[in-house]
Amino acid sequence: MDPLSAISVDLAEIDGQISDVFRALSNGFQKLEKIKDSSRQSRQLEELTEKMRECKRLIKEFDREVKEEESKNTADTNRMLNEKKQSMIKELNSYVALKKQYASKLDNNRADLFDGPNNEGHGEENAMMASSMSNQQLMDTGNRMMDETDQAIERSKKVVEDTVNVGADTAAALKAQTEQMSRIVNELDSIHFSIKKASKLVKEIGRQVATDRCIMALLFIIVLGVIAVIIVKLVNPDNKDIRDIPGLGPPAARRLLWDPK
């Protein structure tokens, strides 16, 4: 028998779910090593990441249950449960590190190289054009080229500044969305835990109501029996086979200590 079942059925159930997730993660990473296609590797990593999120949620729920049962357990039992939780966290962190390693390797494989051949061979043509131009024309052409170069540099600087601003705004938006998603996940975990506790409370109330109904039915039967006996005694008061109900019998005949006659 699982030792956790003796402590809490809920803890044993959560522990079983976490074990199933760890088994799925182990099999998933073994499968990932055999996949060569980068797109399939990416999909496999996404599935493993979702499994790790599920495992993190279950560990949080396990921790809540441990805190709920802490006051009822002995010190040795609480220490054993805390060690169990720490081992779960350690195993999950090992899978997270392994996932980061595969993701980094996948990003390196996807690095795009845009190195193209440089076109050369226009030196002689440029030299011939320069020899046919006067000094003033050369100066005007040089100034124009410098102006065009300055304008291109200014445009590039503006593009870089716009890109930096857009990147900063995007990073801020992503950070805000990440924090919001984290809050939503925590709220969902709390709601799930509250619903579970409410279901237990409803079951306990149902059992208590059923017990109260049985007691009321028994009392009703007793009252009916008493009423039936009273009615029979009223209808046939001389029937000695029916005993008087204590407290409801006819008053005994009283004798006076002094008889006036």
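In the predicted model, helix H2 passes helix H3 in a left-handed crossing. The axes of H2, which spans residues 9-34, and H3 come within 9 Å and cross at roughly 160°. Angles over 145 degrees count as roughly antiparallel, and H2 is therefore roughly antiparallel to H3. The contact of H2 with H3 is made up, by class, of 17 nonpolar, 4 polar and 6 charged residues.

Aromatic pairing was examined next. The count comes to 3 aromatic pairs. In one of them, the ring centres of Phe-22 and Tyr-95 are 6.0 Å apart and the ring planes stand at 25°, so the pair is stacked; the cut-off for stacking is an angle under 30 degrees between the planes. Phe-22 belongs to helix H2, whereas Tyr-95 belongs to helix H4, which covers residues 75-109.

The largest pocket holds about 570 Å³ of space. Its lining consists of 19 residues, and those nearest the centre of the pocket are Met-52, Arg-53, Glu-54, Lys-56 and Val-185. Helices H3, H4 and H6 each supply at least two residues of this lining. H3 gives the most, with 9 residues. Divided by class, the lining of the largest pocket has 7 nonpolar, 4 polar and 8 charged residues.

The structure also holds 1 cavity of 30 Å³ or more. The space in the largest cavity is about 30 Å³. Arg-57, Glu-61, Arg-64, Asp-189, His-192 and Phe-193 form the lining of this cavity. At least two of the lining residues come from helix H3 (38-69), and at least two come from helix H6 (135-235). The lining of the largest cavity divides into 4 charged residues, 1 polar residue and 1 nonpolar residue.

Notes:
Residues are numbered from 1 along each chain as its sequence is written. This is a predicted model: local features need pLDDT of at least 70, side-chain atom pairs count only at pLDDT 80 or more; totals for chains, interfaces and linings use all residues. Side-chain values use heavy atoms; hydrogens and water are left out. On a 1 Å grid over the protein atoms alone, a cavity is a set of points where a 1.4 Å probe fits but cannot get out, and a pocket is an open set with protein on both sides within 12 Å along at least five of seven lines; lining residues have an atom within 4 Å of a point. Grid points are joined across faces, edges and corners, and a volume is the space filled by probe spheres set on the points. Helices (H or I, at least four residues) and strands (E, at least two) are DSSP runs, numbered from the N terminus. Ala, Val, Leu, Ile, Met, Phe, Trp, Tyr, Cys and Pro count as nonpolar, Asp, Glu, Lys and Arg as charged, and the others, Gly among them, as polar. Axes are lines fitted to C-alpha atoms, for helices over the stretch in contact, and angles run from 0 to 180 degrees between N-to-C directions. Angles under 35 degrees count as roughly parallel, over 145 as roughly antiparallel, 65 to 115 as roughly perpendicular and the rest as oblique. A crossing is left-handed if the near helix is turned anticlockwise from the far one by less than a right angle, and right-handed if clockwise. Rings of Phe, Tyr and Trp (its six-membered ring) pair if their centres lie within 6.5 Å; planes under 30 degrees apart count as stacked, over 60 as edge-to-face and the rest as tilted.
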